[in-house]
Structures are given as C-alpha cells and as structure tokens.
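Me: I would like to learn how to read a fold from its coordinates. Can we go through one together?

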Amino acid sequence: MTGPARDPGLQPERTRLAWRRTTLSATVAATLAAKAALHDGTSALGVVACAAVCALWLGFLLVANRRISALAADDRPPALAPRQATAAVLCTVAVAVCATALVV
C-alpha cells in the first residue's frame, strides 16, 4: 500500500502555528496573573509576583520567537536545542505556579 508522498513543508508550518498558539496562551495566563496580583490594590508581594510573571513571560516569548524564526528560515529547520526546550518548559511551569499562587 503506497500513500501520497510526505510534504516536509507542512510539519514546520504546524509546529510554527503551535508555537504561536502557545505564546498566545502564555500571554493570557500572564495577563490574568498580573490582574490577580494587582486586583486588591498594590502590595509589595503583588508587585514582585507581577514582575516575576512578566519576566517569565518575556523569557518564554524570546524562546518562542527564536523557534518561530528558525522554522520560517529553512526548508528543513534544525531540531529544538535542549537548552531552549528546557527554558520553554521552565518558563511555562513557573508562570503556572505563579498564577496558581496568586489565585489561591
């Protein structure tokens, strides 16, 4: 059984779109976390938590932007470097932890 030839251009496009969706989700999470931190007035803890969430979001945005650029640059993009993958995972988990701490 033979199927159609695989189009290698589709996978990088899907991956690029997935990075964009994930970036949008991280933006929403960071915005809601900042809103929760500053909802009842400004406190030192709220400002520090808001700054931490914003810094983590910027770190994730940097990793995502580099990956999106790499996917758009070549027909066969290189694999995601372990350092970048680790940074993306750590930023995502840290934003989730900060958001959870702010809500609870």
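Me: What should I know before reading the values?

Reply: This is a predicted model: local features need pLDDT of at least 70, side-chain atom pairs count only at pLDDT 80 or more, and totals for chains, interfaces and linings use all residues. Residues are numbered from 1 along each chain as its sequence is written, and side-chain values use heavy atoms, with hydrogens and water left out.

Me: How many helices and strands does the protein have?

Reply: Elements are DSSP runs numbered from the N terminus: helices are H or I with at least four residues, strands are E with at least two. Here there are 3 helices and 0 strands. The order from the N terminus is α-α-α.

Me: How does the span of helix 2 compare with the expected one?

Reply: The expected span is 1.5 Å times one less than the number of residues. Helix 2 has 30 residues. From first C-alpha to last it reaches 43 Å, close to the expected 44 Å.

Me: What share of the residues is buried?

Reply: Buried means under 20% relative accessible area, exposed over 50%, and partly exposed in between (1.4 Å probe, protein chains only). Of the 104 residues, 23% count as buried. In helix 2, the buried residues include Gly46, Cys50, Val53 and Arg67.

Me: Which residues make up the largest nonpolar core?

Reply: Such a core is a set of buried Ala, Val, Leu, Ile, Met, Phe, Trp, Tyr and Cys residues joined through side-chain atoms within 4.5 Å. The largest has 9 residues: Trp19, Ala26, Phe60, Val63, Ala64, Ile68, Leu71, Ala88 and Cys91. Helix 1 (10-37), helix 2 (44-73) and helix 3 (82-103) each give two or more of them. Helix 2 supplies the largest share, 5 residues.

Me: What does Leu71 contact beyond its sequence neighbours?

Reply: Contact means heavy atoms within 4.5 Å. Leaving aside neighbours within four places in sequence, Leu71 is in contact with Pro12, Thr15, Arg16, Trp19 and Pro77.

Me: Why does Thr23 count as buried?

Reply: Thr23 counts as buried because its relative accessibility is 12%. This residue lies in helix 1. Not counting residues up to four places away in sequence, Thr23 touches Trp57, Phe60, Leu61 and Ala64.

Me: How many disulfides are found?

Reply: A disulfide is a pair of cysteine sulfur atoms within 2.5 Å. A search of the whole structure finds 0. Cys91 is buried at 13% relative accessible area, whereas Cys54 is partly exposed at 34%.
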